[in-house]
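Open the model in your viewer and keep the sequence panel beside it. The tour below goes from one selection to the next.

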Amino acid sequence: MADSMPDTAPDVTPRAGTARPAGPRPGRAVRLACRLRGWGGVAGMAAACALTAALTLVPLSHGGPPASVTPGADPAAAPPAKADDCTSPEASLRPSSADGPAIEEIKQRGRLVVGVDQNSYRWGYRRADGKLEGFDIDLARAIARDILGDPEKIIFRAVPTNQRITALDNGTVDLVVRTMTINCARIKQVAFSTAYFQTGQQVLAPRQSAITGFDASLEGRRVCSAEGSTAYDALAKDPHGAVFKDEDDDGPGDRNRLTVPNQLDCLVRLQLGEVDAVVTDAALAAGQAAQDPSVELKGDRPFTTEYYGVAAKLGRDDLVRRVNKVLEEYRSGPWTQAYVKWLKKDLPGISGPPAPKYRDN
């Protein structure tokens, strides 16, 4: 039950005037990836291919290591994080175990519904047997255990990068635990927990490529990013001469050659030679480099500093406070256990989780 995705779940696909077949189907990245060769027997890609026969998905469709973290920093209250005066977007509500309307709704349902990724190696991905696992999956289960007393009382729903906020707004999921960066723009749209991981943007490219990082070496190169991602925002702000969106945009199929709904689609395009590089979170890129030894992170370190948070719908303050309570306990031991299990091999040198920042309203 924990990994099931009911057929009765609401469809958050925007009505864009084009029909799509009823029923579940694998994404383009999965179909392309199943034709690829040379993945070196990576379990994550085998799991992706297995989706075509084994899984029922909720149809949600279009609408180097990070800098070191110093745990134990002063978690004193920060000023309220307002997008029009945004100096500390990572500041969240103070933790509480009190039940409120959002928690009561989850308890009455008997399941916590969480939007996750299912194709990000080490973070949230499916094994060949269909089981979801990864760093984010462990955290989601810890939240379910705290609220419902059982980590298996959870429904995972696969949410593309560009549908994370929509899924929360429409009530399709209670939470999104999907390598989602906290920033000033997004705190207008969703409510975040305190930060649970530090990362940053970095370039992923073939090992033999002359690309050296997020710099002038991108001039004239075709660069892929996920729609609605901070990577796309970074390219839009300063592309360094890269081509990161199609000028002759005649429809979704054309546009999505460079701007895709899921970050894994970019890796598939890189492997097929359709793009020259990918810009994405270093934490995700490290896992992809582990999957495919023909690609690597370019540049000595990420060129931004960003933090992942658990996202909830705006106004569901009791749920945010409860997640922050879980995170307080998670940082004391389970976080390190999950890091060692899932991430340390590909992201070494991280001493601990980021310290929480709180605000009073």
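Start with Glu105, which is partly exposed, its relative accessible area being 38%. This is a predicted model. Now show helix α3, residues 101-109. Glu105 and Arg109 are four residues apart in this helix, so about one helical turn separates them.

Next, select Asp174 and Arg316. Are these two buried or exposed? Both are buried. Their side chains meet in a salt bridge of 3.7 Å, N to O. Asp174 sits in the loop between α5 (164-169) and β7 (175-176), while Arg316 sits in the loop between β16 (311-313) and α10 (317-330). The pair is 142 residues apart and links distant parts of the chain.

Now select Asp99, Lys107, Asp146, Arg322, Lys325 and Glu329 together. Salt bridges with shared partners join these residues into one network. The count for the model comes to 18 salt bridges.

For another of these pairs, go to Lys357 and Glu90. Their closest N and O atoms are 4.0 Å apart, and the two form a salt bridge. Lys357 belongs to the loop between α11 (334-342) and β17 (358-359), and Glu90 to the loop between α2 (43-54) and β1 (92-93), so the pair ties together parts that are 267 residues apart in sequence. Colour the two by accessibility: Lys357 is partly exposed, with a relative accessible area of 37%, whereas Glu90 counts as buried at 14%.

Leave the charged pairs and turn to the nonpolar residues. How many residues does the largest nonpolar core have? It has 60. To find the residues with the most contacts inside this core, select Trp123, Phe135, Ile143, Tyr196, Phe197, Leu204 and Leu319. Then show helix α4, residues 135-148, which supplies the largest share of the core, nine residues.

Centre the view on Trp123. Leaving aside neighbours within four places in sequence, Trp123 is in contact with several residues, including Glu133, Gly134, Phe135, Asp136 and Ile137. Tyr196, Phe197, Ala283, Leu284, Tyr308 and Leu343 are also among the contacts of Trp123.

For the last stop, select Ile165, Val176, Ile187 and Ala311. These four are among the 15 residues of another core, which lies apart from the largest one.

Terms used. Residues numbered from 1 in each chain as written. Predicted model: local features only at pLDDT ≥ 70, side-chain atom pairs only at ≥ 80, totals over all residues. Heavy atoms only, no water. Core = buried A, V, L, I, M, F, W, Y, C linked by side-chain atoms within 4.5 Å. Buried < 20%, exposed > 50% of the residue type's maximum accessible area, 1.4 Å probe, protein only. Helix = DSSP H or I, 4+ residues; strand = E, 2+ residues; numbered from the N terminus. Contact = heavy atoms within 4.5 Å.
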